[in-house]
Structure formats: structure tokens, C-alpha cells
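Q: I am new to this structure and would like a close look at one part of it. Could you walk me through it in a friendly way, and then show me what lies elsewhere in the chain?

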Amino acid sequence: MSEDFPVTPEILLRAYAAGIFPMAESAEDPGLHWIEPKLRGIVPLDGFHLPRRLARLVSSHDYEVVADRDFEGVITACAAPRGPERETWINAPIRRLYGALFEKGFCHTIEVRKGCELVGGLYGVAIGAAFFGESMFHRETDCSKLALAHLVARLRAGGYRLLDTQFVTDHLRQFGAIEIPRLRYREMLERAIHQPADFAVWPKDVTPPVETVLKWLEPVPQRP
């Protein structure tokens, strides 16, 4: 879809609620392309796997982890070219749209800071009790993982029911990410978006206590 027919924040929210999300071919791409994978990636919130190394990082007090303080800083870092191709799928329309959703309270960030420096983070969209992860970055080792751990803890504490990762990568599998069929995803999505949840269950400008974060990262025992 080209910018001759611009997508509005309201259209974007309706697309998410229908199981569709946008991507661009590159930063220079003037338009958006709608994606609905046959197999959808999710991280089951009750089954998040916390690797030992990451648990030590969560417990270390080396970083400040806050929310919704610097959306522009996070999306700029996420849009920085990476990998051997030095490409990014975050273009100008995406930055405009998600910036508007942030202003409206539907887009959120988790930010990892060391002093005044932003060293890791992520952003995503929230509708009801569904959170749609969009992108993450790190400038210091494992700081994107630290942001993800804090996101999962906040979502669980806030009553969220679905964490959508769009696709599953080897990186996400280590945290328990799985693929589910499109129909099952739509059923989970329909339930989640109509349930209440609170991203601000913890103060956004304060790093939550380590004990609280670790408590909400514990897996929920499965019934036999």
C-alpha cells in the first residue's frame, strides 16, 4: 500500500485485531505490505523460559529498566541497519504510524538504560490483553533479552493473555516461543483483545524490584 492511500492509526489497530500486521521491504520503501503468516509465533506467557544467564542479568542491578520513556530513541535504534545485508524493514510510514499509536497509548516500549544511555529495548502494540511485539535491539550484550524478560513479567502482572511475536526465530525459541496455526491464533486473539489488561500495572519510570520481576517470570505448573 503506498502513501497515496495512507494507513491511519485506526486502520492499523483494526488490522492487528484481525490478525494482520504491516512490514516494509526496506527503509526506502514508501509503502507497507500486509502480512498474515500461516503459522504465527507466540511466547506463551505462562511458559516463558528464563535461561540461567538471563536470570543472573535480571538479578544484577546493572541496568535501569523502564517503560514508555523514549519511544523515538527505541524505534530509531530498532530501525538501525543490522546483519550482513545492513537492511531494516522499519520505514518512514511505520515510524509515523507507531509514533501516533504511542501518543494514543496503544504502543509501548521497554527500555534498558545504563546511566543516561539507552543500551537495549523493544516496542510493540497493545490491544486489550494482547501484546504484539514489533522489534527489539541491543547495544550491550543480552540487553534485548533483558527487555524481553521485563516485558513478559509486566504483561503477566498486568493480566495479559497473548504475546504475539509474529514469527519464531532460534533466538526466540530459547524463551519458549512456539508456532501455532492461523485459526488457533485467531481464536486466541479474539479472546485476548476483548479482555482488560494494564500495561501500567507497575510504575513506568521506575525499575521494578528484582524479586517482583523474577516472581512473574516463574513458569505456571501445568495441570496433569
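At what angle do helix 3 and helix 4 pack, and how far apart are their axes?

A: Happy to take you through it. Please keep in mind that this is a predicted model.

Let us begin with the pair you asked about. Helix 3, which covers residues 71-79, packs with helix 4 at an angle of about 150°, and the two axes are 11 Å apart. That angle makes helix 3 roughly antiparallel to helix 4, because angles over 145 degrees count as such. The crossing in which helix 3 passes helix 4 is right-handed.

Now look at the side of helix 3 that touches its partner. Phe71, Glu72, Ile75, Thr76 and Ala79 in helix 3 are the residues that meet helix 4, where they find Ile94, Arg95, Tyr98, Gly99 and Phe102.

How enclosed is helix 3? Seven of its nine residues are buried, so the rest of the structure largely encloses this helix. The buried ones are Phe71, Gly73, Val74, Ile75, Ala77, Cys78 and Ala79. Helix 4 is one of the elements that these buried residues pack against, and the others are strand 5 (107-114), strand 6 (117-127) and strand 7 (130-138).

Leu118 sits in strand 6 and counts as buried, with a relative accessibility of 7%. Leaving aside neighbours within four places in sequence, the contacts of Leu118 include Gly73 and Val74, both of which are among the buried residues of helix 3. Leu118 is also in contact with Asp70, Glu111, Val112, Arg113, Phe137 and Arg139. For a sense of distance, Leu118 and Leu146 are 28 residues apart in sequence, while their C-alpha atoms are 13 Å apart in space.

Helix 4 has another helical partner to show you. Helix 1 (residues 9-17) and helix 4 (residues 92-104) have axes that come within 9 Å and cross at roughly 90°. That makes helix 1 roughly perpendicular to helix 4. On the helix 1 side, the residues in this contact are Pro9, Glu10, Leu12, Leu13 and Tyr16, and on the helix 4 side they are Leu97, Tyr98, Ala100, Leu101 and Lys104. By class, the contact of helix 1 with helix 4 holds eight nonpolar residues, two charged ones and no polar ones. Notice Tyr98 here: this residue of helix 4 meets helix 1, and Tyr98 is also listed in the contact with helix 3.

With the helices in view, let us turn to charged pairs. Side chains of opposite charge can pair when their charged atoms come close. Across the whole structure, a search finds 15 salt bridges. One of them joins the side chains of Arg186 and Glu36, with a distance of 2.7 Å from N to O. Arg186 belongs to helix 7 (residues 182-193), and Glu36 to the loop between strand 2 (33-35) and strand 3 (39-42), so this pair ties together parts that are 150 residues apart in sequence. Arg186 is partly exposed, at 39% relative accessible area, and Glu36 is partly exposed as well, at 24%. Together with Arg182, these two residues are linked in a network of salt bridges.

A second salt bridge brings together the side chains of Asp164 and Arg40, at 2.9 Å from N to O. Here too the pair links distant parts of the chain, with Asp164 in strand 8 (residues 162-166) and Arg40 in strand 3, 124 residues apart. Asp164 counts as buried at 0% relative accessibility, and Arg40 counts as buried at 1%.

Our last stop concerns the backbone. Most residues other than glycine have a negative phi. Asp142, though not a glycine, has a positive phi of about 70°. Asp142 is found in the loop between strand 7 and helix 5 (143-157), and is buried, with a relative accessible area of 14%. Asp142 also forms a salt bridge with Lys145, whose closest N atom is 3.3 Å from an O atom of the partner. His61 is another residue other than glycine with a positive phi, near 65°. His61 lies in the loop between helix 2 (52-58) and strand 4 (64-67), and counts as exposed, at 64% relative accessibility.

Definitions and conventions: Residues numbered from 1 in each chain as written. Predicted model: local features only at pLDDT ≥ 70, side-chain atom pairs only at ≥ 80, totals over all residues. Heavy atoms only, no water. Axes fitted to C-alpha atoms, helices over the stretch in contact; angles between N-to-C directions. Helix = DSSP H or I, 4+ residues; strand = E, 2+ residues; numbered from the N terminus. Parallel < 35°, antiparallel > 145°, perpendicular 65-115°, else oblique. Contact = heavy atoms within 4.5 Å. Nonpolar A, V, L, I, M, F, W, Y, C, P; charged D, E, K, R; others polar. Left-handed = near helix turned anticlockwise from the far one by under 90°. Salt bridge = Lys/Arg side-chain N within 4 Å of Asp/Glu carboxyl O. Buried < 20%, exposed > 50% of the residue type's maximum accessible area, 1.4 Å probe, protein only.
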